[in-house]
Amino acid sequence: MAMSTENEHPVKAFGWAARDTTGHLSPFRFSRRATGEKDVTFKVLYCGICHSDLHNIKNEWGITSYPVVPGHEIVGMVTEVGTKVTKFKVGDKVGVGCMVGSCRSCANCKEDLENYCPEMILTYGAKYYDGTITHGGYSDIMVSDEHFVIKIPDNLPLEGSAPLLCAGITVYSPLKYYGLDKAGMHLGVVGLGGLGHMAVKFAKAMGLKVTVISTSPNKKKEAMDHLGADAFLVSRNTKEMELAMGTIDGIIDTVSAVHALLPVIGLLKTNGKLVMVGAPEKPLELLAFPLLMGRKMVGGSGIGGIKETQEMIDFAAKHNIVADIELIPMDYVNTAMERLSKADVKYRFVIDIVNSLKPS
């Protein structure tokens, strides 16, 4: 068994990176920091592909610094721990999500909301404390402060649990915070992609009635027969939408494209809540009057803190919740990105790092 140690030398790492705004990914050698006293080093086995990876490799949000190794749905097995690590040991199944650092002292951090820390450090493309740029999980090895490492329960398959670290927590957190987790409530889920299908799974496990709202009538069978949704509305079908007005307690809107909010707000009961978790690139039109007529609210939510992410993973293990994935080899990643841009995936690509990432 490997010893708990502080390795003095940087670790050679290998992954795939984008080098310019074409977003084309190709093999890339780099270094990880040596395992520090509070660090956990793990061999990456699988990494999910999030829609934000696609935005980042093409610099669509204007924050990318190249070369960038994407990936923040990372799972693997611990190979080394620092001498002051208390929560993990060699051989543990672990994961890292969207962040690898925060100030740990602000009001948000003290409330276990590291995801809202002004100094949060993203898992890739951000500046770490030592001045280096963070690299994500499209790579063979990961080093993280133990505080930002999640324990993956043994009964969860690693490849299916990888997307929980971003897509899963992104929908779980607002369900809890906005009080939309009470059995018998009626939840609407707008969009049936990576986030949407997770929202349906978590909501059903919480005992909610779930209606999926989508522009695609052809997703009805999948939503109801496979994912267990109770109802399905085609958002472009005015008659269907009118019949459902005022019937839903809360809605999780996962759509990242520009779309009309007015018909969605109309579905809410008095005091209903519309929670945005998708991030359209252009502003959405939001009229005040429909909110006034029924004391409705529009909110937002972004991932979740570390404590809540662990709670979400444990809940998923208890209820056997994993993402529906398409497992792909590393060299398929550019094709996967093209398909993702056309929403051609059910419902999350996961890269089989352990079996397909080979140093060239």
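1. The model is a predicted one, and in it the phi of N59 is near 55°, a positive value in a residue other than glycine. As background for a first reading, most residues other than glycine have a negative phi, and most peptide bonds are trans.

2. A second residue with a positive phi is D112, where the angle is near 65° and the residue is again other than glycine. D112 belongs to the loop between α2 (107-110) and β7 (121-122), and because its relative accessibility is 31%, D112 counts as partly exposed.

3. Two peptide bonds also deserve attention. The bond that joins Y66 and P67 is cis, with omega about -5°, and P67 lies in the loop between α1 (51-57) and β4 (74-81). Another cis peptide bond joins K346 and Y347, with omega about -15°, and Y347 is placed in the loop between α11 (333-341) and β17 (348-351).

4. Turning to the overall layout, the domain assignment of the protein gives domain 1 as 11-166 + 324-352 and domain 2 as 167-300. The C-alpha centres of domain 1 and domain 2 are 28 Å apart, while 12 residues of domain 1 are in contact with 15 residues of domain 2.

5. How much area do domain 1 and domain 2 bury between them? The value is about 1100 Å², with 48% of it on carbon and sulfur atoms. On the domain 1 side, L164, D324 and Y347 lose the most area to domain 2, and together they account for 52% of what that side buries.

6. The residues on the side of domain 1 that touches domain 2 divide into 6 nonpolar, 1 polar and 5 charged.

7. Is D181 buried or exposed? D181 counts as buried because its relative accessibility is 17%, and its place is in the loop between α4 (167-177) and β10 (186-190). The side chain of D181 makes polar contacts with the side chain of K176 at 3.5 Å and with the side chain of K182 at 2.7 Å. Leaving aside neighbours within four places in sequence, D181 is in contact with L175, K176, M206 and L208.

Methods
Residues are numbered from 1 along each chain as its sequence is written. This is a predicted model: local features need pLDDT of at least 70, side-chain atom pairs count only at pLDDT 80 or more; totals for chains, interfaces and linings use all residues. Side-chain values use heavy atoms; hydrogens and water are left out. Domain bounds come from an automatic or database domain assignment. Contact means heavy atoms within 4.5 Å. Buried area is the accessible area (1.4 Å probe) that two parts lose on being put together, summed over both. Ala, Val, Leu, Ile, Met, Phe, Trp, Tyr, Cys and Pro count as nonpolar, Asp, Glu, Lys and Arg as charged, and the others, Gly among them, as polar. Helices (H or I, at least four residues) and strands (E, at least two) are DSSP runs, numbered from the N terminus. Buried means under 20% relative accessible area, exposed over 50%, partly exposed in between (1.4 Å probe, protein chains only). A polar contact is a pair of N or O atoms within 3.5 Å; within protein, one must be able to donate a hydrogen and the other to accept it, and residues adjacent in sequence count only if both atoms are side-chain atoms.
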